[in-house]
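Morning, everyone. I have one structure to walk through today. Please bring it up on your screens.

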Amino acid sequence: MANYSTGELAKKVGVSIRTIQYYDRRQLLSPAKLSEAGRRVYTDHELEQLELITFLKSLGLSLNNIKELLNSPNFDEVLQTLLNQEELQLKQKIKQQEDTLKTIGEIKHWLTDQIPITPNSFIGIEESIRRRRSLTRKRSALFVFGGLIDILEILAIWYGISSSNWWGVAAFCPIIVAVAIAVYAYYRSVEYVCPQCEAYFKPAFGEFFWAKHSPKTRWLGCPNCDYEGYCVEI
């Protein structure tokens, strides 16, 4: 078993010599023995104990709490509880940081999409981001739903032509109504930003429905400045 002087022990753990001396006075960390010259001598056991004290102190425990814990007969159970709580808090912090990183990425995408962000509009940015996330999910659902409808439509027409039975095509009409309802629900959930005057607006449904569009933009006329062109969907 290795022996350490006070200075060597302090260097290994990254604390000051005065800290170790103070822990000795508080009866938290006593030396294994004294040398013939009266100097403190520590072993690996004290090294591990000092590392534990330093760790517990980093969790926010006071020296009195640490002393009670070290002298506790159920030390293992108490330490396990402390570690569980610390793990939970760290996971919560990591989740918050991940959410912050996700928000930063989405704001950068907003800037890439040329969506205007001003100091006033930034106040409600979190609500806007929640709406944007919801809109992304709705876009994905509408895309999948539309793809399935296209497949069913092709199959219905093929069946009508090959069998000369057009009842299958007629039965497809309720599905078309369902598509129209889905598109209208999507229309109700979106707004648009004019890239010229930065105004937010909602077009008439007919203009929305027939306009050229990409996944994030739509060719519309701005009611605020008479701009006509691609507006950003939010």
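Start with a charged pair: the side chains of R40 and D24 meet in a salt bridge, at 2.7 Å from N to O. By salt bridge I mean a side-chain nitrogen of Lys or Arg within 4 Å of a carboxyl oxygen of Asp or Glu. This pair links distant parts of the chain, with R40 in strand 3 and D24 in helix 2, 16 residues apart.

A word on the ground rules. The model is predicted, so local features need pLDDT of at least 70 and side-chain atom pairs count only at pLDDT 80 or more, while totals for chains, interfaces and linings use all residues. Residues are numbered from 1 along each chain as its sequence is written, and side-chain values use heavy atoms, with hydrogens and water left out. Helices (H or I, at least four residues) and strands (E, at least two) are DSSP runs, numbered from the N terminus.

Is D24 buried or exposed? D24 is buried, at a relative accessible area of 17%. R40 is partly exposed, at 29%. The cut-offs: buried is under 20% relative accessible area, exposed is over 50%, and partly exposed is in between, with a 1.4 Å probe and protein chains only.

How many salt bridges does a search of the whole structure find? It finds 3. The other pairs I'll show sit in helix 5. K91 forms a salt bridge with E87, the closest N and O atoms being 3.9 Å apart. Because K91 and E87 are 4 residues apart in helix 5, about one helical turn separates them. K91 is exposed, at 52%, and E87 is partly exposed, at 41%. Then D99 and K95: their side chains meet at 3.0 Å, N to O. Those two also lie 4 residues apart in helix 5, about one turn. D99 is partly exposed, at 34%, and so is K95, at 46%.

Two strands pair if DSSP finds at least two bridges between them. Strand 1 pairs with strand 3 (residues 40–43) over 2 bridges. In that pairing, Y4 stands opposite Y42, and N3 has T43 as its bridge partner. Strand 2 also pairs with strand 3 over 2 bridges, and K33 stands opposite V41. The hairpin of strands 2 and 3 has 5 residues between the strands, and there G38 takes a positive phi near 85°.

Now the cores. A nonpolar core is a set of buried Ala, Val, Leu, Ile, Met, Phe, Trp, Tyr and Cys residues joined through side-chain atoms within 4.5 Å. The largest has 20 residues, and L9, I20, Y23, L29, L50 and I66 have the most contacts inside it. Which element gives the largest share of this core? Helix 3 does, with 4 residues.

Strand 4 (residues 192–193) pairs with strand 5 over 2 bridges, with Y192 partnered by F201. That's the tour.
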